[in-house]
Amino acid sequence: MRCAVLGTGIVGRTIAAKLASLGHEVVIGTRDPEATLARTERDVMGNPPFAAWHVDHPAIALRAFAEAAAFGETVVNATAGLATLDALNAAGGANLAGKVLIDVANALDFSQGMPPSLNPVNTDSLGEQIQRAFPDAKVVKTLNTMSCFVMVEPGRLAGAHHVFVSGEDADAKRQVVELLVSFGWPESSVIDLGGIESARGTEMLLPIWVRLMGILGHVDFNFHIQGAG
Ligand SMILES: NC(=O)c1ccc[n+]([C@@H]2O[C@H](COP(=O)([O-])OP(=O)(O)OC[C@H]3O[C@@H](n4cnc5c(N)ncnc54)[C@H](OP(=O)(O)O)[C@@H]3O)[C@@H](O)[C@H]2O)c1
């Protein structure tokens, strides 16, 4: 399958590498490929600049958001949550129309420091905002409730743990579940929460996820819903 992963941070890189390892054709999307490749500094989490990662993944092309989205039969949104609508507008509605748009982003606002707040929250969610802005895309919110390392390698955590899916289109969700299974998720670990409105719940798990990260001192954990199978 041709996949576009929008986002050059650790999440986009990790998902893109996983998809490529599974035999998919993968393109990563960014605002300005030249500027992204020219960066030499580590990000705030200490991850190396994109170019250093790209040396080890030469088969994954870096393209502007619109070109990447046009390439992808399936599109993954792994952009900063507060910038997601800008990034998807740059990708272009026509390049997203009719496609499964997997949204793993969280709209975390760090402008007041730690812990971040959520915007939107309670009566809206980023997943819903994306679906409203791009009504012809089939938005499926998933994987946003865990670190990107767990997203693509659930077996790194012992025992059962869960991943949620939210979205309006049943066939799109079925395709996403197939992809999750190919990532190593047992189908019994996938909980379909219903329509895209249910993304409010998974996005609002982030305050407890961020708190747990601080207390545990690592990101190798996930939610297990006792009684869910
Ligand atoms: N870290 C995790 O394990 C984890 C887990 C679950 C969910 N998430 C979510 O996954 C997403 C990606 O996280 P990340 O840490 O990999 O990267 P990030 O730093 O949150 O986002 C980087 C991406 O956002 C784009 N971006 C930033 N500002 C922009 C703007 N003004 N307009 C358009 N695009 C803009 C960047 O574009 P350029 O490429 O042009 O710089 C880059 O591609 C976030 O929403 C995060 O909350 C993260």
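How many aromatic pairs does the count come to? The count comes to two, where rings of Phe, Tyr and Trp (its six-membered ring) pair if their centres lie within 6.5 Å.

## Basis of the description

This is a predicted model, in which local features need pLDDT of at least 70 and side-chain atom pairs count only at pLDDT 80 or more, while totals for chains, interfaces and linings use all residues. Residues are numbered from 1 along each chain as its sequence is written, and side-chain values use heavy atoms, with hydrogens and water left out.

## Aromatic and charged side chains

A pair of aromatic rings is described by the distance of the centres and the angle of the planes. For Phe-50 and Trp-53 the centres are 5.4 Å apart and the planes stand at 50°, so this pair is tilted; planes under 30 degrees apart count as stacked, over 60 as edge-to-face and the rest as tilted. The two residues are three apart in helix H3 (residues 50-55) and are therefore separated by about one helical turn. Helices (H or I, at least four residues) and strands (E, at least two) are DSSP runs, numbered from the N terminus. Both Phe-50 and Trp-53 are buried, that is, under 20% relative accessible area, with exposed meaning over 50% and partly exposed in between (1.4 Å probe, protein chains only).

The charged end of Arg-2 sits over the ring of Phe-71, 5.6 Å from its centre. The criterion is that NZ of Lys or CZ of Arg is within 6 Å of the ring centre and within 35 degrees of the ring normal.

## Helix H5

In helix H5 (residues 84-91), the buried residues are Thr-84, Ala-87, Leu-88 and Ala-91. They lie on the same side of H5 because they cover an arc of only 95° around the axis, taken from the directions from the helix axis to the C-beta atoms. Asp-86 and Asn-89, on the other side of H5, are exposed.

Among the elements covering the buried residues of H5 are strand S1 (2-6), helix H4 (65-71), strand S4 (74-77) and helix H7 (126-133). After H5 comes Gly-92, with a positive phi near 95°.

## Thr-74 in strand S4

Thr-74 belongs to strand S4 and is buried, with a relative accessible area of 7%. Apart from neighbours within four places in sequence, Thr-74 is in contact (heavy atoms within 4.5 Å) with Met-1, Arg-2, Cys-3, Ala-4, Val-100 and Ile-102.

## Ligand surroundings

The ligand is surrounded by 23 residues, the closest being Thr-8, Val-11, Thr-30, Arg-31 and Thr-79; a residue is included if one of its heavy atoms lies within 4 Å. Oxygen atoms of the ligand lie 2.6 Å from a side-chain N or O atom of Thr-8 and 2.8 Å from one of Arg-31. For Thr-79, a backbone N or O atom is 2.7 Å from a ligand oxygen atom.

Conventions
A polar contact is a pair of N or O atoms within 3.5 Å; within protein, one must be able to donate a hydrogen and the other to accept it, and residues adjacent in sequence count only if both atoms are side-chain atoms.
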